[in-house]
Amino acid sequence: NNLSIENILINLYSKFGELESAIEIFNDTESKDVILYTSMIKAHSDRGNINESFSLLHQMLINEIKPN
């Protein structure tokens with residue numbers, strides 16, 4: 001499934017310091033799920049981008065995706 005591949009790529013790019021590439025994949029994904037949001041929130045928080053992490057959490061809640 002495409003979301004699994006996109007999630008793997010986001011995690012991979014994030015671990016190798018390519019946050020912009022991870023962001024691009026996340027932004028290009030039309031139907032995001034809780035796993036994809038969680039990966040992107042973690043990617044930002046790992047880089048110290050706490051405000052962006054909270055912004056994504058807020059966006060997730062607006063889109064009625066429940067965190068787990």
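## How α2 and α3 pack

Helix α2 (residues 19–28) and helix α3 (residues 34–46) pack at an angle of about 155°, their axes lying 11 Å apart. Helices here are DSSP runs of H or I with at least four residues, numbered from the N terminus, while axes are lines fitted to C-alpha atoms over the stretch in contact, with angles running from 0 to 180 degrees between N-to-C directions. The two helices are therefore roughly antiparallel, a term for angles over 145 degrees.

On the α2 side, Leu19, Ala22, Ile23 and Phe26 make the contact (heavy atoms within 4.5 Å). Their partners on α3 are Leu36, Tyr37, Met40, Ala43 and His44.

## About the model

This is a predicted model, in which local features need pLDDT of at least 70 and side-chain atom pairs count only at pLDDT 80 or more, whereas totals for chains, interfaces and linings use all residues. Residues are numbered from 1 along each chain as its sequence is written, and side-chain values use heavy atoms, leaving out hydrogens and water.

## The nonpolar core

Let's turn to the core. A nonpolar core is a set of buried (under 20% relative accessible area) Ala, Val, Leu, Ile, Met, Phe, Trp, Tyr and Cys residues joined through side-chain atoms within 4.5 Å. The largest one has 15 residues, and Ile10, Phe26, Tyr37, Met40 and Leu56 have the most contacts inside it. Helices α2, α3 and α4 each supply at least two of its residues, with the largest share, six residues, coming from α3.

Beyond its neighbours within four places in sequence, Tyr37 touches Phe26, Lys32, Leu56, Gln59, Met60, Asn63 and Ile65.

Definitions and conventions. Parallel < 35°, antiparallel > 145°, perpendicular 65-115°, else oblique. Buried < 20%, exposed > 50% of the residue type's maximum accessible area, 1.4 Å probe, protein only.
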